[in-house]
Amino acid sequence: MKLNIKGITIFVEDDYLSMSKKSAEIVSHRIANKPNSVLGLATGSTPEGMYKELIQLYLNKKVNFDNITSFNLDEYYPINKDNKNSYAYYMNSHLFNHVNIDKDKTFIPNGKTENVDKMCKEYDQMIYDVGGIDLQILGIGNNGHIGFNEPDVDFELTTHLVKLDDKTIEANARFFANIDDVPKFAVSMGIQNIMQSKKIILMASGEGKAKIIHDMIFGKVTPNLPASILQLHNNVTILLDKKAAKLIIN
Ligand code: PGA
């Protein structure tokens, strides 16, 4: 089912698998149209299926990552890139190790740097230098965060150090042995980086995301729900499974 609400294109797919296939299809079309695309990549549970589909498309010679540059949205801080919970590790294991992307052109905020401010400025600069992000992939947190832009966000920020919201720490504890092991900080692209992307895809699956999806589309644009800012972007596609779409299709 395809909807258009407030200028946002919304695809509602039957389940997580078909949502993942749809998103991989959009990404691969984008790459076919512009082989040197700059992708903004996300981590978390939601895009895992999309990455699996992209690997399959690559193995079937339907997509070629040869000339792709990528920038990840965020990384825990502090964290070593060899740590299994780092987003650097996630990207290698879920995508980069399985496709022909040039790893020298894949960028993830450095979770180990001593000089965070300098690293953030350089990250922004690298994004500007390659002409900005063509296609940004996003998940959404239960609290409405995109990247690690937590509620009460400053919409003006670019890449910056963030103190993680307690809800985010709770939500992400499932990946760690103990909740106390979840880093308390992260480095994240800011809302400004995200809003400057030429096209954005936001994905959500499962009933747990239904309310936040409803509110981000129908509610006011507010720093209390960071994803609500996407109402003001002119090229956003939201991909949902039926459960996540529950409150917008009734
Ligand atoms: P999830 O996280 O995909 O693991 O639900 C989304 C997010 O926090 O942005």
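**The ligand and its pocket**

Guide: The ligand sits in the largest pocket, where a pocket is, on a 1 Å grid over the protein atoms alone, an open set of points with protein on both sides within 12 Å along at least five of seven lines, and a molecule sits in it if more than half of its atoms lie within 2 Å of its grid points. This is a predicted model, in which local features need pLDDT of at least 70 and side-chain atom pairs count only at pLDDT 80 or more, while totals for chains, interfaces and linings use all residues. Residues are numbered from 1 along each chain as its sequence is written, and side-chain values use heavy atoms, with hydrogens and water left out.

Visitor: Which residues are around the ligand?

Guide: They are Gly44, Ser45, Thr46, Gly139, Ile140, Gly141, His145, Arg174 and Lys209, each with a heavy atom within 4 Å of the ligand.

Visitor: How are aromatic rings described?

Guide: A pair of aromatic rings is described by the distance of the centres and the angle of the planes. Rings of Phe, Tyr and Trp (its six-membered ring) pair if their centres lie within 6.5 Å, and planes over 60 degrees apart count as edge-to-face. The structure holds seven aromatic pairs, including the edge-to-face pair of Tyr51 and Tyr90, at 6.3 Å centre to centre and 75 degrees between the planes.

Definitions and conventions:
On a 1 Å grid over the protein atoms alone, a cavity is a set of points where a 1.4 Å probe fits but cannot get out, and a pocket is an open set with protein on both sides within 12 Å along at least five of seven lines; lining residues have an atom within 4 Å of a point. Rings of Phe, Tyr and Trp (its six-membered ring) pair if their centres lie within 6.5 Å; planes under 30 degrees apart count as stacked, over 60 as edge-to-face and the rest as tilted.
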